[in-house]
Amino acid sequence: FFTSPVFTGLFGRIFLKEPWGAMEFGASIVSLCGCVLVAQPPFIFQSDSDSAVGVDGGITNDSAADSHGTVQRSIAAAVALSGAAISSLVYIVIRKIDKNVHFFVLVNSFGMAGILTLPLSTLFKPFVWPDSNSEWGVVLLIGCLAFTAQLFFNAGVQMVPAGPASMVRNLDIVFAFLLQIFILGDVPDVFSITGATLVTACCIFIGYKKILRQHKPSAVVVQVEPEAEIEIG
């Protein structure tokens, strides 16, 4: 899903004719690299020694298992790319609607879709009610935070082009990274720090470009009226 800003910028250029130049595309690629450094997916950062160790701790050289793992990773990558492309269409739809529909209505439609698809989710995992008051509190807290985040998300996307909005959305990785440090006490490595710095720098760059574009003086067209003819009688 880290590739979503690239898809969003491309779709915004195609369907909405929004500005998306080479510098914005380059910033999206750099931001993508930063997200990868923070997330550190196993299929990229897994060492050769880790891939050779079996489930029971022994060394495995089973070519069939390696082939099966390659197919599974290919399917997972295809599903993830499809999800990123579909999620990028959310930005396009919100921008197309623009401010004709209040962002609160968009949030309510999102919740309605979740209610309607709830029976479908039970096909994959049985529905379980919370057992204690603490679990109910956590569920309500997650719901309130998600609702508020969706409000700000829809309102923000209605105000700015889809491409920059999707890339600024990558800041949630940086915020999660900071909360991990101050709340969970996990010490980051150099890859995570570098990735968070790249994402933040790209978002600042896109914001700066937007400010420059808004304050760019527009060309003034002076219309000269033709001189009135003087009739001498």
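Hi everyone, let's begin with the inside: buried residues make up 24% of the 233 residues in the protein chain. Buried here means under 20% relative accessible area, exposed means over 50%, and partly exposed is in between, using a 1.4 Å probe and protein chains only. Please keep in mind that this is a predicted model, where local features need pLDDT of at least 70, side-chain atom pairs count only at pLDDT 80 or more, and totals for chains, interfaces and linings use all residues. Residues are numbered from 1 along each chain as its sequence is written, and side-chain values use heavy atoms, with hydrogens and water left out.

Now the overall layout. The protein chain has eleven helices and zero strands; both are DSSP runs numbered from the N terminus, with helices being H or I of at least four residues and strands E of at least two. A contact means heavy atoms within 4.5 Å. Among contacts between residues at least 6 apart in sequence, 80% join residues at least 24 apart.

Let's visit helix α2, residues 22-39. With 18 residues, helix α2 reaches 26 Å from its first C-alpha to its last, close to the 26 Å expected at 1.5 Å a residue. That expected span is 1.5 Å times one less than the number of residues. Which residues of α2 are buried? They are E24, A27, S28, S31, L32, G34, C35, L37 and V38. As background, an α-helix has 3.6 residues a turn, so residues three or four places apart point the same way. After α2 comes Q40, whose phi is positive, near 50°.

Next, the aromatic rings. Rings of Phe, Tyr and Trp (its six-membered ring) pair if their centres lie within 6.5 Å; planes under 30 degrees apart count as stacked, over 60 as edge-to-face and the rest as tilted. By this rule there are six aromatic pairs. Why is the pair of Y91 and F153 called edge-to-face? Their ring centres are 5.3 Å apart and their planes are at 80°, so the pair falls in that class. This pair links distant parts of the chain, with Y91 in helix α5 (residues 63-97) and F153 in helix α8 (residues 133-159), 62 residues apart. Y91 is buried at 5% relative accessible area, and F153 is buried at 11%.

F127 and W129 also make an edge-to-face pair, because their centres are 5.0 Å apart and their planes are at 90°. Here F127 is partly exposed at 46%, while W129 counts as exposed at 58%. There is also an aromatic cluster formed by F7, F11 and F15.

Back in helix α8 we find Q158. Is Q158 buried or exposed? Q158 is buried, with a relative accessible area of 6%. Leaving aside neighbours within four places in sequence, Q158 is in contact with I94, R95, D98, K99, V101, F103 and L106.

F182, in helix α10 (residues 171-184), is exposed with a relative accessible area of 69%. F110, in helix α6 (residues 103-116), is exposed at 55%. The C-alpha atoms of F110 and F147 are separated by 9.6 Å, although these residues are 37 apart along the chain.
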